[in-house]
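Here is a friendly walk through one protein model, moving from the whole chain to its strands, helices and rings. Keep the 3D view open as you read.

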Amino acid sequence: MTTLHRPEELDAATAHLARKLAPILMLDSREPFAPDTVGVTRLSVGEPSPSCPHIPPAPNGTSCVLECAIWWAGLYDLEHIWIAVDVDGNGLSVSASARGGVVDLPDAEWTDGRPVIYCVPSKRMFASTPDAIKALRCTSASNEGVTGILLNDMFAAQLSFVTPYDQFLVHEDLRSLRPTTTFEFTRAVPLHEARFVSWDELALEIPRIIRDHCEDLRRRRRGLKAVFLDSGDTLINEMTEVFDPHHDGLVLNAEPIDGALDLMEALRGRVPTALVADGRVESFRNVHGALGFFDHFDARAISETVGATKPHPLMFIDAMRKLGLRREDASGILMVGNNLHRDIRGARRLGIGTVWLNWNDRYDRTPQDPMDKADHEVRTPREVLALIESELATSGFAD
């Protein structure tokens, strides 16, 4: 019989101390995020944190250190505040996490025995005064740093379900929620009013919380979800391919179609992309690598490793699974290719939207089957980009 792990609960004495000393957080007046749950731990002097790779500062006179591991609702991240406590249960000093390290906050004000700490807008960082935050104004007011779910070593195994598509959804959600900051810190959040649990409990909850958030974003996402791209005569001019005379079918180099490099650069980070192409892995590594976009793809379904060629459904299914897309997501995918039979018919059989890049006449341009008729026909990679831009403009999250 499997024994379920029962997390150690927060003891009453530590909870009482935490509610007595928990800081008051000052947030930007337009900050959309707030602390959700606090994992509380009472540490001995010199004892390492159980939730991050640091030993909290403990000045002379410290009896214990109170750790507040703060989980921020909607930010998918954990940050820390430590309060050094004397033998009478009063706060001596306060420190906090910042950019992966620990900073002392000696200038922090104390109100009714609680430190007042200012939060960098949407940055999960802390400072002791508003002036210290305003020095970071240029980077904090931008979208720099909007990433997604941080897959650190502590939660890597539990968060193995997170896919490139999940990361895309989280990034889009964070980007849509990030406001123009005012740097007026008028929103006071008394942390002692938040939900307190032990760190052991919070560590078990975090992967579940993230899974629930990801599933909610999947349900709400409307419009374009991913772009699949062929390579030959879609990104690369097949007439320029140079083959290795000693290895059958191995392409050494080739030239891009006009506008293809701009297309790949424009798509990077804006929508999940997958290469869905027939050929040898080393060929694409040679050609795409030399042109600088091999790693722009979030996934690659290449016939040599898939064991099938287009229009076989496995080629498209492989790309979907690698991105973390499901069969019900097919209508939100666009497959861009030049071959009516292999690219268009293969994608349409799975319900995937199609874009025929009618760039040259090297292949049959007459549909031989009703499934060969693409949803969109374009002539250049720049028209492909314009179409995708239009799709992205009408995509987003339903309320």
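Of the 399 residues, 53% count as buried. Along the principal axes, the C-alpha atoms fill a box of roughly 85 × 55 × 45 Å. The secondary structure amounts to 11 helices and 21 strands. Among contacts with a separation of 6 or more, 65% come from residues 24 or more positions apart.

Over residues 138-145, pLDDT stays under 50. The model has 16 contacts beyond four places in sequence for this stretch. Where pLDDT is low, the predicted coordinates should not be read in detail.

Six strands form an open sheet with mixed pairing, in the order 6-5-4-3-2-11. From one strand to the next, the twist averages 30 degrees. Strands of a sheet pair through backbone hydrogen bonds, either parallel or antiparallel. Within this sheet, strand 2 and strand 3 pair in the antiparallel sense, and Pro35 has Trp72 of strand 3 as its bridge partner.

Helix 5 (residues 199-220) lies across strand 2, strand 3, strand 4 and strand 11, and runs at about 115 degrees to strand 11.

| Strands | Sense | Bridges |
|---|---|---|
| Strand 2 (residues 34-43) and strand 3 (residues 64-73) | antiparallel | 9 bridges |
| Strand 18 (residues 333-337) and strand 19 | parallel | 4 bridges |

In this second pair, Met335 stands opposite Thr354 in strand 19. How many residues of strand 19 (residues 353-357) are buried? The count is 5 of the 5, so strand 19 is largely enclosed by the rest of the structure. In a regular strand the side chains alternate between the two faces of the sheet. Strand 19 is covered on both faces: Gly353, Val355 and Leu357 are buried on one side, and Thr354 and Trp356 are buried on the other.

Helix 9 (residues 313-323) also has its buried residues: Met315, Phe316, Ile317, Asp318, Ala319, Met320 and Leu323. Just after helix 9 comes Gly324, with a positive phi of about 90 degrees.

Finally, have a look at the rings. The structure holds 6 aromatic pairs. One of them joins Phe293 and Phe297 edge-to-face, with 6.2 Å centre to centre and 70 degrees between the planes. Phe293 and Phe297 are both buried. Elsewhere, ring pairs link Tyr118, Phe183 and Phe185 into a cluster.

Conventions
Residues numbered from 1 in each chain as written. Predicted model: local features only at pLDDT ≥ 70, side-chain atom pairs only at ≥ 80, totals over all residues. Heavy atoms only, no water. Pairing = 2+ DSSP bridges. Helix = DSSP H or I, 4+ residues; strand = E, 2+ residues; numbered from the N terminus. Axes fitted to C-alpha atoms, helices over the stretch in contact; angles between N-to-C directions. Contact = heavy atoms within 4.5 Å. pLDDT = per-residue confidence, 0-100. Buried < 20%, exposed > 50% of the residue type's maximum accessible area, 1.4 Å probe, protein only. Phe/Tyr/Trp six-rings, centres within 6.5 Å; stacked < 30°, edge-to-face > 60°.
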